[in-house]
Each structure stands twice: as structure tokens, then as C-alpha cells.
Amino acid sequence: MPDVEALERLGRLISADDPGVLVATTHRPRRAEIEVRPDAVVDVLERMRSEGYAMLMSVHGVDYHPEPRRFGVVYELLSLRNRDRISVKVRVDDADPRVPSVTPAWPTADFQEREVYDMFGVVFDGHPDLRRILMPEDYIGHPQRRDFPIGGEPVIFTESEPDHPGWWK
């Protein structure tokens, strides 16, 4: 993880051409994070690649409900050259949660973007095959959203069989 000075240098580098690209930088113990505008994420990740962060280790979704800009997409990058990890984060509104896909430049993001779409409903514009990956195609809703109703089918265990005889038939 870069130290505070290196994180600020990366922030200046990212915002050199367009000062509005950088939303925030956050440095905590064992975590460095750069938040950028959603429309700039492809260019920012390419800039990070040129700085040595050549491995996209993870793409995951976050629901910040009830905050505005409810959904987040976090890209975890690794630099073997610098022995560093850094997170690049974007936040979008729940009215139209859209983020440009990074799959064309980072093929490892393919299934991970599909998972974020499936679980949170964030649409990745330009993704070559954006469809559900974990839930059935006809499933309604996105189960990792914080406002998703809890419940569903009752789970019957062996010890509760006397209460539900023949439940397997």
C-alpha cells in the first residue's frame, strides 16, 4: 500500500489532465483508496497500469444505503514492481447505476462485473456479455442490496422433520 505521500502523488497524476476526475483519496491503516468519477474509471485504471499497478485482482460492489450515490464499485489493483495494493472506487446513484466496463482492457473483470450486476444491479456499459452469473435469468431483484427483502423459502433441516413430515415428496 502506498504511503500518504505516494497516494497524493497518484491523485495529482490522475487529475493532471482533468481536475474533476478525482473525487477523494483515503489513507487508512493497510488501505489506500482513490475515488474517481464513474465516467473516468477506464482512463484512471489505464493510468494506474502505467504506474505499475498491472494486475486487477478484484472488482466488487458495495451498497451504501441510505447514502446518496448509493452503489460503489471497487477495483483492487496490485503492483508487483512496487509491492503495493490500491483501491480505485466509483460511486453511482441508485436511479441509474451505470459504470463503463473495464473488461475490454482488463479481461479478468468479465465475470466480476457480471457478479456486481447480478447482486447489486449496477449496469456496466460496453460489457461484452452482461447477464446474470449467480442467480437464474428470471430472478427478480438483486439480493445483495441492503433493501432487498429478507425471507423466502423456509429451510427444512433433518431435526425439524417431525414438524414437516414428508416434506421431500
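This is a predicted model: local features need pLDDT of at least 70, side-chain atom pairs count only at pLDDT 80 or more; totals for chains, interfaces and linings use all residues.
Where does Ser 87 sit? You'll find Ser 87 in strand 5, which covers residues 84–92. Is Ser 87 buried or exposed? Its relative accessible area is 1%, and because buried means under 20%, Ser 87 counts as buried. If you skip the neighbours within four places in sequence, the residues in contact with Ser 87 are Arg 31, Ala 32, Glu 33, Ile 34, Val 74, Tyr 75 and Glu 76.

Now zoom out to the whole protein. It has three helices and seven strands, and from the N terminus on, the elements run α-β-β-α-β-β-β-β-α-β. Of its 169 residues, 37% count as buried. Take the contacts between residues at least 6 apart in sequence: 52% of these join residues at least 24 apart.

Next, look at a pair of helices. Two packed helices are described by the angle between their axes and the distance between the axes. Here, helix 1 (residues 4–14) and helix 2 (residues 41–50) have axes that come within 10 Å and cross at roughly 125 degrees. That angle makes helix 1 oblique to helix 2. The crossing of helix 1 past helix 2 is right-handed. Which residues make the contact? Helix 1 brings Leu 10, Leu 13 and Ile 14, while helix 2 brings Val 44, Arg 47 and Met 48. Sorted by class, this contact between helix 1 and helix 2 has five nonpolar residues, no polar ones and one charged residue.

How values were computed:
Residues are numbered from 1 along each chain as its sequence is written. Side-chain values use heavy atoms; hydrogens and water are left out. Axes are lines fitted to C-alpha atoms, for helices over the stretch in contact, and angles run from 0 to 180 degrees between N-to-C directions. Helices (H or I, at least four residues) and strands (E, at least two) are DSSP runs, numbered from the N terminus. Angles under 35 degrees count as roughly parallel, over 145 as roughly antiparallel, 65 to 115 as roughly perpendicular and the rest as oblique. A crossing is left-handed if the near helix is turned anticlockwise from the far one by less than a right angle, and right-handed if clockwise. Contact means heavy atoms within 4.5 Å. Ala, Val, Leu, Ile, Met, Phe, Trp, Tyr, Cys and Pro count as nonpolar, Asp, Glu, Lys and Arg as charged, and the others, Gly among them, as polar. Buried means under 20% relative accessible area, exposed over 50%, partly exposed in between (1.4 Å probe, protein chains only).
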